[in-house]
Amino acid sequence: MPAVSTTLRVLAVSLAASLTVTGCQTLDDAGRALGRADLVNDLAARMDGALTETWAADYQLSGGRTASIAQTQEPLRSSYTWPDGKITVTQEAVTRCENTGGRTACTVLPPELTAGKPSVVVYAEADKRGLVTPPAVMGLLTEAALDREAEITQSDTTVAGHHATCVKVRRSAGDFTTCVTTEGLLGSFTGTLDGTATEVALTRYTETVDPAAFGVPAGAGVVDKRPTGS
């Protein structure tokens with residue numbers, strides 16, 4: 001699982017080596033021309049860096065639903081909560097919760113090695129549920145950067161009070177727009193992911209995390225499948 005983050009860096013480096021600076025360009029603070037590879041490198045580095053920080057964020061999903069992500073480095077733990085479930089990864093366990101018919105059931109499993117980034121496991125599970133995650137967005141950006149027919153336009157904005165870099169991508173495989181904050185958080189995404197039209201937008205970000213973010217939902221039934229003594 002931890003290879004996800006490394007893969008993003010490798011892809012970004014590959015793009016820098018293989019793509020010429022053509023098409024849409026913008027300027028960074030030093031006035032240097034930025035091309036597709038530079039832009040992907042910058043956004044990948046931001047998201048990758050955020051995997052090693054402590055923060056909590058709330059998101060607005062399609063249809064007025066909400067989701068939240070939280071992670072801390074001391075102790076190492078991460079969670080992703082959405083309307084139909086929750087996954088939490090700590091040094092002691094991986095806890096998966098499902099909300100069906102108004103009732104929540106949680107299964108506690110043995111811990112997984114995370115190489116200091118428990119959010120990688122969390123995002124992998126969220127991807128399976130069709131949720132928008134930074135690795136999924138980076139995959140789309142990488143594909144777009146490799147597509148010489150794609151039109152990529154960069155702009156700056158403010159999301160939930162935080163500066164963000166946005167890219168609008170127009171390509172035959174599907175258009176999308178996404179923003180990444182200076183802190184490396186996914187600020188927003190509008191487009192198609194795995195064949196489904198999806199929207200997500202950051203509504204709150206804080207560097208203070210409530211420990212309750214890593215607990216099981218109130219009233220949930222819990223089945224602990226860890227070996228005795230875990």
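Which residues does lysine 86 touch, not counting residues up to four places away in sequence?

## Around lysine 86

Lysine 86 touches Ser79, Tyr80, Thr81, Thr95, Arg96, Cys97, Ala212, Ala213, Phe214, Gly215 and Pro217, where contact means heavy atoms within 4.5 Å. You will find lysine 86 in strand 6, residues 85-90 (strands are DSSP runs of type E with at least two residues, numbered from the N terminus).

Lysine 86 is buried (under 20% relative accessible area, with a 1.4 Å probe and protein chains only). It has no salt bridge, meaning a side-chain nitrogen of Lys or Arg within 4 Å of a carboxyl oxygen of Asp or Glu. Aspartate 210, the nearest side chain of opposite charge, is 9.7 Å away. A polar atom of the lysine 86 side chain does lie 2.6 Å from the backbone oxygen of glycine 215.

Next, the strand pairs (DSSP must find at least two bridges between two strands). Strand 7 (residues 94-100) and strand 8 (residues 103-109) run antiparallel, joined by seven bridges. Asparagine 99 stands opposite threonine 104. These two strands form a hairpin with two residues between them, and glycine 101 in the turn has a positive phi of about 60°.

Strand 8 also runs parallel to strand 14 (residues 221-224), through four bridges; here alanine 105 has glycine 221 as its bridge partner.

Residues are numbered from 1 along each chain as its sequence is written, and side-chain values use heavy atoms, leaving out hydrogens and water.

The chain's mean pLDDT (the predictor's confidence in each residue, from 0 to 100) is 82. Over residues 1-33, pLDDT stays under 50. Where pLDDT is low, the predicted coordinates should not be read in detail.

Key: Predicted model: local features only at pLDDT ≥ 70, side-chain atom pairs only at ≥ 80, totals over all residues. Buried < 20%, exposed > 50% of the residue type's maximum accessible area, 1.4 Å probe, protein only. Lys, Arg positive; Asp, Glu negative; His and termini not counted. Polar contact = N/O pair within 3.5 Å; in protein donor to acceptor, adjacent residues only side chain to side chain.
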